[in-house]
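Biologist: I'm new to this one. Can you put it on screen and walk me through it?

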Amino acid sequence: MVTWIQKHAPPDYPQLAGLSAKQICELAREKDSWAMRAVENEGRYLGYGMANLVTIFVPDVIVLGAV
């Protein structure tokens with residue numbers, strides 16, 4: 001997500017310095033438009049990856065977790 005924002009957000013985006021995925025998620029919760037777009041983008045690719053895993057392995061369950 002950090003790389004996506006660095007590539008797509010305007011150079012004057014105030015949160016670029018020292019940005020982390022955790023900060024992006026916090027900014028998205030605060031309705032920051034660039035952070036929300038980054039989270040949506042990440043979610044899309046996570047969904048693609050899970051769909052591919054289901055297609056290949058046909059698991060009974062997929063467990064996602066966060067630290």
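Biologist: Which side chain does the side chain of Asn-41 make a polar contact with?
Modeller: The partner is Arg-44, at 2.9 Å. Keep in mind that this is a predicted model.

Biologist: Where does Asn-41 lie?
Modeller: Asn-41 lies in helix α3.

Biologist: Is Asn-41 buried or exposed?
Modeller: Asn-41 counts as buried, because its relative accessibility is 13% and the cut-off for buried is under 20%.

Biologist: Which residues of α3 are buried, then?
Modeller: Trp-34, Ala-35, Ala-38 and Asn-41.

Biologist: What covers them?
Modeller: The cover over the buried residues of α3 includes α1, residues 2–8, and α2.

Biologist: Let's stay with α3. How many residues does α3 have, and how far does it reach?
Modeller: It has 25 residues. From first C-alpha to last, α3 reaches 36 Å. That is close to the 36 Å expected at 1.5 Å a residue.

Biologist: What caps the N-terminal end of α3?
Modeller: Asp-32 does. One of its side-chain oxygens lies 3.2 Å from the backbone nitrogen of Trp-34.

Biologist: And what happens just after α3?
Modeller: Val-58 takes a positive phi there, about 50°. Val-58 is a residue other than glycine.

Biologist: Is Val-58 buried or exposed?
Modeller: Exposed, because the relative accessible area of Val-58 is 61% and exposed means over 50%.

Biologist: Now Lys-31. What is its phi?
Modeller: Phi of Lys-31 is near 70°. That is a positive value, again in a residue other than glycine.

Biologist: Where is Lys-31 placed?
Modeller: In the loop between α2, residues 21–29, and α3, residues 33–57. Lys-31 is exposed, with a relative accessible area of 62%.

Biologist: Switching to Met-50. Which residues is Met-50 in contact with, leaving aside neighbours within four places in sequence?
Modeller: Ile-62 and Leu-64. Met-50 itself is in helix α3.

Biologist: How exposed does Met-50 count as?
Modeller: Partly exposed, because its relative accessibility is 24% and that class sits between 20% and 50%.

Biologist: How far is Met-50 from Leu-27?
Modeller: Their C-alpha atoms are separated by 25 Å. Along the chain, Met-50 and Leu-27 are 23 residues apart.

Biologist: Over to α1. Where do I find Gln-6, and how far is Gln-6 from Ala-38 in space?
Modeller: Gln-6 is in helix α1. Gln-6 and Ala-38 are 10 Å apart, C-alpha to C-alpha. In sequence they are 32 residues apart. Gln-6 counts as partly exposed, at 47% relative accessibility.

Biologist: Last topic, pockets. What volume does the largest pocket have?
Modeller: About 160 Å³.

Biologist: Which residues line the largest pocket?
Modeller: Cys-25, Leu-46, Gly-65, Ala-66 and Val-67.

Biologist: How does that lining divide into nonpolar, polar and charged?
Modeller: The lining of the largest pocket has 4 nonpolar residues, 1 polar and no charged.

Definitions and conventions: Residues numbered from 1 in each chain as written. Predicted model: local features only at pLDDT ≥ 70, side-chain atom pairs only at ≥ 80, totals over all residues. Heavy atoms only, no water. 1 Å grid on protein atoms, 1.4 Å probe; cavity = no way out; pocket = protein on both sides within 12 Å on 5 of 7 lines; lining within 4 Å. Points joined across faces, edges and corners; volume = space filled by probe spheres on them. Nonpolar A, V, L, I, M, F, W, Y, C, P; charged D, E, K, R; others polar. Helix = DSSP H or I, 4+ residues; strand = E, 2+ residues; numbered from the N terminus. Buried < 20%, exposed > 50% of the residue type's maximum accessible area, 1.4 Å probe, protein only. Expected span 1.5 Å × (residues − 1). Contact = heavy atoms within 4.5 Å. Polar contact = N/O pair within 3.5 Å; in protein donor to acceptor, adjacent residues only side chain to side chain.
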